[in-house]
Amino acid sequence: MNKTEDIQNVCLRRGIVFPTAEIYPTISGFFDYGPIGTLIKRNFIKYWREFFVQGENIVEIDGSTVLPEAVFQASGHVKGFVDPITQCKKCKGIQRADHLIEEKAGKFVEGKSASELTKIIKKEKIKCPNCKGELGSVRVFNLMLKTDVSPLGGQTAYLRPETSQNIFTSFQRVFRTSRLKLPCGIAQQGHSFRNEISPRHFLVRVREFNQMEIEWFFDPKDEECPDFDKIKDKKINFVTHQIQKKNGKMIKISGSNLIKKHIIPSKWMVYFLIKEFEFYKSLGIPEDALRFRHMLPEETPHYSKGNFDLEIKFDFGWKETVGNSFRTDHDLKNHMKHSKTDLTIRTDDGKKVLPYVIEPSFGLERTVAGILLYNFKGDKERGWAWFKFPAKIAPYISSVFPLVGKDGLPEKAKEIYNSLKKDFDIFYDESGSIGRRYARGDEIGIPFAITIDYQTLEDDTCTIRNRDSKKQIRINIDDLKDFFDKILSI
Ligand code: ATP
């Protein structure tokens, strides 16, 4: 069993994340978050908003997940959002052709046509991985989930495959009503749907997932990034085009060098990449397991001035977790053409502008998979397996335990719990030995444990145990709120 499978089992046992409608034969690629998973997910989104949205010139929207076909005709998804598939002639199983070739023949085939892929499968003598049967010709399959909205039929719509289209279609209204000025951003967090051919690796490839996308708009004639100086000396792990052709080993490179050496064509792009690197490190993912890859020309859409994926090293290999794309005015231009609506805006000096866009597109499930993987500690050291979640995203900041279940200790503990839970997510537990309760808290990654003992009744102090060091300090009950506020403000 690999580590991802191990973690999937832990998530099942602790009810963190589990297959949707699991009492029935399930459809793969759909997961429900249980109580602990829901708290982690909520805290993660809150943290992402604090890090990327608040304090920047960015507003948020919350758009519909069902969009009319016209939107996806304009965006190119109806025609182009396809993956190549091949069906086994014997067992009828369906495989994603490009992934199969990459796995079996070690060939990178991004951008190749269906007929080219069919030829490669024949030439490399690739067979069905399930039954060794002969594989049929490759054809393309659209990944969007289609629906029909009208009771009479004929009103085709799709579950959105990305959150960004709501932002482009509502761009002008949001820009005007929020009195935005370039450069500025519109962000959205919400569900996206893709009819993936082979969902796998737990949360990494699923059919319904959450994205957090920022569309950052700026005047194409004014690409200056005023905050660039603040981040320019910070370094990120990077894989250039040349490196990918040679040994694939990532380098550490500063923001200013990425610009000076013409590796990245925009200071705004560098600004986002550096923030992302800092953000993912703060989630407990080690620096060595993070890198940005400059997508190769054959992987990059024709309109893009450069795509840079933040990848996390999973136990099955590196995987894109944030897609960063310099989309120019491609999306707004297409929606303008198809909807026959003028989407240009006017700057303060009366200039008509169709802004350029840089898009950081975060995937929540892949991020959560990375967080679970790197914060999971096996049972060797403590006798129980536990999670070292950073305080910001832990399901609860602390638990509260009465040392024993008598002599007024539970009443005092409940009083403290009730007062703290107004401000924080707090876990209360009075069953079992104190050691067992510490272990239970560790198992779901609670960073602190408050214990109420006999001394508390005398002097209103309690102990706080640190999950990571297992050290305890004594603190006044009145100082608990400040203590947690300080931890969460870091
Ligand atoms: P892939 O090539 O792995 O399918 P993609 O290039 O299609 O990914 P994007 O369209 O750039 O992905 O989407 C942005 C982000 O959304 C990804 O970096 C990822 O974190 C997330 N994402 C996309 N598809 C899925 C999926 N099927 N399951 C979970 N997360 C996904």
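1. Helices here are DSSP runs of H or I with at least four residues, strands are runs of E with at least two, and both are numbered from the N terminus. Lys 125 is not a glycine, yet its phi is positive, at about 55°.

2. A word on the basis of these remarks: the model is predicted, with local features needing pLDDT of at least 70 and side-chain atom pairs counting only at pLDDT 80 or more, while totals for chains, interfaces and linings use all residues. Residues are numbered from 1 along each chain as its sequence is written, and side-chain values use heavy atoms, leaving out hydrogens and water.

3. Another backbone feature to check is the cis peptide bond between Leu 182 and Pro 183, where omega is about -5°. Pro 183 belongs to the loop between helix H8 (171-177) and strand S10 (184-193).

4. Next, have a look at the open sheet of three strands, ordered S6-S5-S7 with antiparallel pairing; two strands pair if DSSP finds at least two bridges between them. Strand S6 (94-96) and strand S7 (139-142) are at the edges with a single partner strand each, so one side of each has no neighbour in the sheet. On average, neighbouring strands of this sheet are turned by 50° against each other, direction ignored. Strand S5 (residues 82-87) and S7 run antiparallel and are joined by four bridges; Pro 84 has Val 140 in S7 as its bridge partner.

5. Helix H5 (residues 97-105) lies across S5 and S6, and runs at about 70° to S6. Contact here means heavy atoms within 4.5 Å. Axes are lines fitted to C-alpha atoms, for helices over the stretch in contact, with angles from 0 to 180 degrees between N-to-C directions.

6. A further open sheet has three strands in the order S4-S9-S8, with antiparallel pairing. Its edge strands, strand S4 (66-68) and strand S8 (145-148), each pair on one side only. From one strand to the next, the twist averages 40°. Three bridges link S4 with strand S9 (residues 156-159), and the two run antiparallel. Pro 68 is opposite Ala 157 in S9.

7. Now for the ligand. There are 16 residues around the ligand, and those that come nearest are Glu 196, Arg 205, Val 206, Glu 320 and Thr 321; a residue counts as near if one of its heavy atoms lies within 4 Å. By class, the shell has five nonpolar, five polar and six charged residues. Nonpolar means Ala, Val, Leu, Ile, Met, Phe, Trp, Tyr, Cys and Pro, charged means Asp, Glu, Lys and Arg, and the others, Gly among them, are polar.

8. A side-chain N or O atom of Arg 194 is 2.9 Å from a ligand oxygen, and a polar side-chain atom of Gln 211 is 3.2 Å from one. At Thr 321, a polar backbone atom lies 2.8 Å from an oxygen atom of the ligand. Strand S11 (208-218), strand S16 (317-328) and strand S19 (356-363) are the elements giving two or more residues to the shell. S16 gives the most, with five residues.

Key
Polar contact = N/O pair within 3.5 Å; in protein donor to acceptor, adjacent residues only side chain to side chain.
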